[in-house]
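Colleague: Let's go through this model together. I ask, you answer.

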Amino acid sequence: MGIVVENVSKRFGDFQAVQDVNLEIKSGSLVALLGASGSGKSTLLRIIAGLENPDSGKILLTGKDATHQSVQERRIGFVFQHYALFKHMTVRQNIAFGLEIRKEPRAKVEQRVTELLDLVQLAGLGNRYPSQLSGGQRQRVALARALAVEPKVLLLDEPFGALDVKVRKDLRDWLRRLHDEVHVTTVFVTHDREEAMEVSDEIAIMNHGKVEQVGRPAEIYDNPATPFVMKFIGPVNVLPGTSQIFGGQTGHNQREEVFLRPHDVLVERVPDSATAPARVQRVIHLGWEVQAELVMDDGQVVTAHLTRDRFDELKLEPRQRVFVKPKGVKAFPLHYSI
């Protein structure tokens with residue numbers, strides 16, 4: 001089922017939660033709504049689900065106006081951050097709940113629950129209660145329960161936000177594999193850019209109730225449409241166009257703000273015609289890479305990310321003299337609204 005959001009706005013008192021949002025979600029795709037707290041992503045998800053009514057605009061499901069349909073009519077499955085499982089029911093009973101409400105035949109319910117337990121890798125745990133499961137297992141039960149009624153759309157609101165880092169990583173890998181098996185149109189809300197980039201087919205980045213950019217993860221990272229997207233989607237050095245690091249060679253000027261990713265800062269021990277001098281201020285070992293904080297002669301601080309091999313080759317130490325140049329930059333006019 002494809003989803004189209006047309007000019008949707010929603011206000012809560014004086015707070016404009018969503019403003020004139022237009023968004024198309026292709027049938028069978030997995031799309032992330034990515035943004036900081038208060039950006040409007042959860043409100044938009046609830047409007048798609050039918051849990052909130054928009055002040056204006058439309059929600060179209062498979063080309064039909066569903067703006068005033070109930071959640072049940074939309075055939076949408078919803079998974080919250082905090083599981084919302086029935087504590088007094090076993091895993092099997094939780095998954096079967098929606099099917100039993102529909103008064104499906106017992107044999108069909110049993111078969112569907114068994115299939116889903118296998119799908120979410122919880123076979124053999126059907127008779128346990130939620131309190132006997134780990135957080136990751138409880139979230140998989142919540143997903144199985146949402147899938148039991150064969151929804152046309154699956155909506156996930158910060159589904160892994162309450163879990164620790166290792167469990168989140170395992171579950172998002174699992175969610176991607178699950179989606180590739182069931183192909184249900186899926187929209188999930190997250191504030192974690194790595195989660196969005198790892199799991200989704202497309203990302204819609206939200207800021208102050210508006211969609212700043214929609215695109216595939218690599219497209220958004222490589223070609224950000226606004227300064228906000230550039231900053232939000234990954235670490236970046238924000239520099240004046242006249243910064244010494246550009247050496248007057250890139251055509252940037254004082255009316256521009258220039259964005260330079262740390263991995264696009266090239267560090268050398270020997271100068272050439274394109275480099276500018278700097279001094280190593282601090283070295284931070286991050287395991288798979290090394291972060292070097294560099295101070296240009298004009299006082300500008302620049303962060304560089306180096307591979308371990310490149311760091312070992314350079315043998316960087318604090319107060320060491322080095323020479324730097326940019327590999328790739330993105331510039332925006334200073335008056336551009338962030």
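Colleague: In what order do the 5 strands of the open sheet run?
Modeller: This is a predicted model, where local features need pLDDT of at least 70, side-chain atom pairs count only at pLDDT 80 or more, and totals for chains, interfaces and linings use all residues. Residues are numbered from 1 along each chain as its sequence is written, and side-chain values use heavy atoms, with hydrogens and water left out. Strands are DSSP runs of E, at least two residues, numbered from the N terminus, and two of them pair if DSSP finds at least two bridges between them. Pairing here is antiparallel, and the order is 13-17-14-15-16.

Colleague: Which strands are the edge strands?
Modeller: An edge strand pairs on one side only. That applies to strand 13 (265-268) and strand 16 (301-307).

Colleague: Why is the pair of phenylalanine 259 and phenylalanine 332 classed as it is?
Modeller: Rings of Phe, Tyr and Trp (its six-membered ring) pair with centres within 6.5 Å; planes under 30 degrees apart are stacked, over 60 edge-to-face, the rest tilted. Here the centres are 5.6 Å apart and the planes stand at 80°, so the pair is edge-to-face.

Colleague: Is phenylalanine 259 buried or exposed?
Modeller: Buried means under 20% relative accessible area, exposed over 50%, partly exposed in between (1.4 Å probe, protein chains only). Phenylalanine 259 has 1% relative accessibility, so it counts as buried.

Conventions:
Helices (H or I, at least four residues) and strands (E, at least two) are DSSP runs, numbered from the N terminus.
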